[in-house]
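Thanks for coming. I have one structure to go through today, and I will keep to what was computed from it.

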Amino acid sequence: MKGFDLAALLLNPQFIAMLGHGLAMTFVVAIGSWLLAMSLAFVLLTIRLTGNRIAEACVAVYISYHRNVPTLVQLMLWYFGIASLLPDALQEWLGDHNAEAIFAIVALGLCQAAYFSEDLRSGLRSIGSGQAEAARALGHSYIGMMRFVLMPQALGNAMPALINHTVSLFKNSSLAMAIGVVELTHAVREVENESFRTFEVYLVATLMYLLCSLAIMAAGTLLGRRGQTAGAH
Amino acid sequence: MLANAVTIVQDNWLLLLIGQYPNGPLGGLAATLILSVLGIALAFPLSVLVALARLSHWRALQLPATALVYGVRGVPLLMIIFWVYFMFPLLLGVSVPGSATMLCTLVLYEGAFLSEVVRAGIQALPPGQMDAARALGHSYSRAMRFVILPQALTNMLPSILSQFVSTIKDTTLGYVINVPELTFAANQINNRLLTKPFEVFLILALTYYALCFSLTQLAAWLERSIATRRAGPVTQPLVVAQ
């Protein structure tokens, strides 16, 4: 093993470009799946609130499946399994458009939606029933009550859990390397193979992940504080 | 499709269950279970130590424990696996099998998460417990050992069980460093069959689902029964009436 030399890694434009592309892909996968997960979580929450027994049972099965099957297995089922069932034309189109990344975003997004919708639901359930009654008594429609009275409070209550799950979504984006997405962890392995500076490249990548995760946690604390002061008025 | 899946299970159930044992290393579901049971069992003492260090008044204990927890929480498990995978042989000077690497990683990773559970459990107890134990003449460590920890850990049993489920799910990542476990076995089958990836991975997903779902249900049941017991004698007749 070579002596510790961070400069040999950081001053090499080729390695920096590889790590940079990896980090960019990590952000694409993480942000893409976060958006998918959050929108789907609201859809799932709405279905649960309709009170239709069958629809509710379907959502419960969806959530139970995604919470009890390992994320890596869900990724493999999508990329190796479900992909093979798609029509040939679609498979070809996906092959031309970075199929790995698309399946990673879909699998991670669908998986995290289950967690997000549970967070939102428990946020909503922890609000006293008087809030809904007061909102209706003040003349709000159901939508208006949700939009102006219940959801702002529910989001505030759910914030710590949502932030935790956002961090784990960001960390789970590294699993995409197992199906061949060239994100940060994958790029690290490539740089390691070319530079043999294992320690340095792991150190740099670990710090990148750590900084991003801590930034998400810090943003969550700030948002939570803002939510609390807003609630106090 | 269902018939295909049944045939695959019939042909490969032994590989899925115990891997290539006795002709090779123990693998499959058995290895997954052994890894996760050992992982959580060894992570537990570590987590209690880390939790106590985080709650201690000595900064020399508090700071490294906090750094460990935040460090592990902020880095993907996959990165930690690669760290252990390459640091271990370097430090020990011998090559280490994948399952030992995975076990060490799991102990570190789950230990950090579990320490947050233990810490929350200790902090959730009313402060009067510690005050009373100290007033009775217990030292801090004896109060922790005989009064605080037994109560906190009983209350935390459901969360510890949930952490066990997470550990089972995390063992799948051993696949990346070729640890022979259930996901690895499924990939072996898939590589041999080549034409039925959906069936193979569906079987894999359903196996994990059955295992983790039953444990999650058990955790929920435990949580309810602990809540009932803690509610005290007022609810006792209700339980008997059922």
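In chain A, 80% of the contacts with a separation of 6 or more are between residues 24 or more positions apart. A contact here means that the C-beta atoms of two residues, placed from the backbone, lie within 7 Å.

Before going on, the conventions. This is a predicted model, in which local features need pLDDT of at least 70 and side-chain atom pairs count only at pLDDT 80 or more, while totals for chains, interfaces and linings use all residues. Residues are numbered from 1 along each chain as its sequence is written, and chains are lettered from A and ligands numbered from 1 in the order in which they are written.

Back to chain A. It has 10 helices and zero strands; both are DSSP runs numbered from the N terminus, helices being H or I with at least four residues and strands being E with at least two. Its C-alpha trace spans about 70 × 50 × 25 Å along the principal axes. Of the 233 residues in chain A, 37% are buried. Buried means 20 or more other C-beta atoms within 10 Å of the residue's own, exposed means 12 or fewer, and partly exposed is in between, again with C-beta atoms placed from the backbone.

Now the interface. How many residues of chain B are in contact with chain A? There are 27, and they meet 28 residues of chain A. On the chain B side, α3 (59-74), α4 (77-92), α8 (182-193) and α9 (197-230) each supply at least two residues. α9(B) gives the most, with 11 residues. By type, the side of chain B that touches chain A has 20 nonpolar residues, six polar and one charged. For that count, Ala, Val, Leu, Ile, Met, Phe, Trp, Tyr, Cys and Pro are nonpolar, Asp, Glu, Lys and Arg are charged, and the others, Gly among them, are polar.

Next, the core. A nonpolar core is a set of buried Ala, Val, Leu, Ile, Met, Phe, Trp, Tyr and Cys residues joined through C-beta atoms within 7 Å. The largest one has 111 residues, and those with the most contacts inside it include A:Val73, B:Phe201 and B:Leu204. Helix α6 (residues 99-125) of chain A provides the largest share of this core, 14 residues. Leaving out residues up to four places away in sequence, B:Leu204 touches A:Val73, B:Leu182, B:Thr183 and B:Ala186.

What about α9(B) as a helix? It has 34 residues and reaches 49 Å from first C-alpha to last, close to the 50 Å expected at 1.5 Å a residue; the expected span is 1.5 Å times one less than the number of residues. Its buried residues include B:Glu199, B:Phe201, B:Leu204 and B:Tyr208. Among the elements covering them are α3 (53-68) and α4 (71-85) of chain A, and α8 of chain B. Just after α9(B), B:Gly232 takes a positive phi of about 95°.

Last, some backbone details. B:Tyr21 and B:Pro22 are joined by a cis peptide bond, with omega about 0°, and B:Pro22 lies in the loop between α1 and α2 of chain B. A:Phe196, which is not glycine, has a positive phi near 60°. A:Phe196 sits in the loop between α9 (184-195) and α10 (198-232) of chain A. Why does A:Phe196 count as exposed? Because 11 other C-beta atoms lie within 10 Å. B:Asn178 also has a positive phi, near 60°, and its place is in the loop between α7 and α8 of chain B. B:Asn178 counts as partly exposed because it has 13 C-beta neighbours inside 10 Å.
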